[in-house]
Amino acid sequence: MQMKILLVDDLQDTREIIRGMVETLGHQVIEAESGNHAVHLAVSHKPDCILMDLNMPGVNGLLATAAVRAISPLRR
């Protein structure tokens with residue numbers, strides 16, 4: 001079963017490595033480079049799974065995760 005995965009990391013090299021691994025498993029990857037961008041993409045794409053970097057400048061992964069969980073349809 002193909003999943004839609006939101007990959008969030010401020011480092012492009014890290015996103016490229018993880019994207020390659022996840023796509024090899026047959027999943028679709030959507031990328032965000034910041035916590036704010038992640039929240040917007042989560043709302044618009046409704047991913048099945050989010051892989052979130054916790055240590056990002058500005059809105060870190062913990063704050064972004066809390067923001068996503070606060071949106072009722074995305075709580076799961």
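Residues are numbered from 1 along each chain as its sequence is written. In this predicted model, local features need pLDDT of at least 70, side-chain atom pairs count only at pLDDT 80 or more, and totals for chains, interfaces and linings use all residues, while side-chain values use heavy atoms, without hydrogens and water.

**Exercise 1.** Describe how helix α2 packs against helix α3.

Solution. 
1. Helices (H or I, at least four residues) and strands (E, at least two) are DSSP runs, numbered from the N terminus.
2. Two packed helices are described by the angle between their axes and the distance between the axes.
3. The axes of α2 (residues 35-45) and α3 (residues 61-69) cross at roughly 20° and come within 9 Å. Axes are lines fitted to C-alpha atoms, for helices over the stretch in contact, with angles from 0 to 180 degrees between N-to-C directions.
4. The pair is therefore roughly parallel (angles under 35 degrees).
5. On the α2 side the contact (heavy atoms within 4.5 Å) is made by Gly35, Val39 and Ala42, and on the α3 side by Ala64, Ala67 and Val68.
6. Sorted by class, that contact holds five nonpolar residues, one polar and no charged ones. Here Ala, Val, Leu, Ile, Met, Phe, Trp, Tyr, Cys and Pro count as nonpolar, Asp, Glu, Lys and Arg as charged, and the others, Gly among them, as polar.

**Exercise 2.** State which residues of α2 are buried, and what they pack against.

Solution. 
1. Buried means under 20% relative accessible area, exposed over 50%, and partly exposed in between (1.4 Å probe, protein chains only).
2. In α2, Gly35, Ala38, Val39, Leu41 and Ala42 are buried.
3. The buried residues of α2 pack against β1, β2, β3 (49-52) and α3.

**Exercise 3.** Describe the largest nonpolar core and the contacts of methionine 52.

Solution. 
1. A nonpolar core is a set of buried Ala, Val, Leu, Ile, Met, Phe, Trp, Tyr and Cys residues joined through side-chain atoms within 4.5 Å.
2. The largest one has 13 residues, and Leu6, Val8, Ala32, Ala38 and Met52 have the most contacts inside it.
3. Two or more residues each come from β1 (4-8), β2 (28-32), α2 and α3; the largest share, four residues, is that of α2.
4. Setting aside neighbours within four places in sequence, methionine 52 contacts Val8, Ala38, Gly61, Ala64 and Thr65.

**Exercise 4.** Characterise histidine 45 in helix α2.

Solution. 
1. Histidine 45 has a relative accessible area of 33%, so this residue is partly exposed.
2. Not counting residues up to four places away in sequence, histidine 45 touches Lys4 and Ile30.

How values were computed: Angles under 35 degrees count as roughly parallel, over 145 as roughly antiparallel, 65 to 115 as roughly perpendicular and the rest as oblique.
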